Amino acid sequence: MTVRILLCDDHAVVRAGLLALLGSAPGIEVVGEAGSGEEAVAMAGHLRPDVVLMDLQLGPGIDGVEATRRIAVPGSGVHVLVLTTYDTDADITRAIEAGATGYLLKAERPEELFAAIRSAAQGRTTLSPPVASRVMDRMRGAAGPTLTDRERDILGQLAHGLGNREIARALFISEATVKTHLGRIYAKLGVDTRAGAVAVAKEQRLLP
């Protein structure tokens, strides 16, 4: 059975590379290309592919997670396989919760991508080894990371959109101290951005 694929990536060069790569794989047919989340949602609706290969960062408009949520609705028969360079806990969690069948990194070998596509078409979950390790680590630490009171305070300020200087003023500490605490918070939450820290904190109910 031929697996019908819709590509979604905002970089035309990446789409062209994937198109050439997938063209060499037996039993896989690319039926469409989308350069934005909105375009992917519309094309998935009328093309009804078996699998949508979805990047997470798509420039202006809705991101890959929101596009996944709109495409992978129960009964649609369309499976979303995330193909991205991003592997933070927050990205993985958001994508899987949105309904992604699998999560693959762009660094994987072509054979692994082909196998993941075929698995996704049958509704089977496929995760890149680094992603699977992060998911297992999260499950083992399901009780959540332990943050100090000061770290929770700073997280709360982050959630309100304050920058480092504003946080320092609000908590009567130096900006350098804020940066030190942020580094520790990122490490404990497994993220590398302020938005990622807030997303994980909300998910794990860590905000004060």
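**Helices H7 and H10 lie roughly perpendicular to each other.** Angles count as roughly parallel under 35 degrees, roughly antiparallel over 145, roughly perpendicular from 65 to 115, and oblique otherwise. This is a predicted model, in which local features need pLDDT of at least 70 and side-chain atom pairs count only at pLDDT 80 or more, whereas totals for chains, interfaces and linings use all residues. Residues are numbered from 1 along each chain as its sequence is written, and side-chain values use heavy atoms, with hydrogens and water left out. Helix H7 (residues 149–159) packs against H10 at an angle of about 110 degrees, and their axes are 10 Å apart; the axes are lines fitted to C-alpha atoms, for helices over the stretch in contact, with angles from 0 to 180 degrees between N-to-C directions. Leu155, Leu158 and Ala159 of H7 make the contact with Arg194, Ala197, Val198 and Ala201 of H10, contact meaning heavy atoms within 4.5 Å. By class, this contact of H7 with H10 has 6 nonpolar, no polar and 1 charged residues (nonpolar: Ala, Val, Leu, Ile, Met, Phe, Trp, Tyr, Cys and Pro; charged: Asp, Glu, Lys and Arg; polar: the others, Gly among them).

**The buried residues of H7 and their cover.** Glu151, Ile154, Leu155, Gly156, Gln157 and Leu158 are the buried residues of H7, where buried means under 20% relative accessible area, exposed over 50% and partly exposed in between, with a 1.4 Å probe and protein chains only. The elements that cover these residues include helix H8 (164–171), helix H9 (175–189) and H10. Just after H7, Gly161 adopts a positive phi of about 85 degrees.

**The packing of H4 with H10.** Helix H4 (residues 89–98) packs with helix H10 (residues 194–203) at an angle of about 55 degrees, their axes being 9 Å apart. That angle makes H4 oblique to H10. In H4, Ala90, Thr93 and Glu97 meet Gly196, Ala199, Val200 and Glu203 of H10, and the residues of this contact of H4 with H10 divide into 3 nonpolar, 2 polar and 2 charged.

**The surroundings of Asp55.** UniProt, in an unreviewed entry, places the feature "modified residue: 4-aspartylphosphate" at Asp55; its positions are given in the numbering used here, feature names are shortened, and annotations may be inferred rather than shown by experiment. Asp55 lies in the loop between strand S3 (51–54) and helix H3 (64–71), and it is buried, with a relative accessible area of 5%. With neighbours within four places in sequence left aside, Asp55 is in contact with Cys8, Asp9, Asp10, Gly64, Leu83, Thr84 and Lys106.

**Arg15 in helix H1.** Arg15 is found in helix H1 (residues 12–23) and counts as buried at 15% relative accessibility. Apart from neighbours within four places in sequence, the contacts of Arg15 are Leu7, Asp9, Asp10, Glu33, Ala34 and Gly35.

Methods. Helix = DSSP H or I, 4+ residues; strand = E, 2+ residues; numbered from the N terminus.
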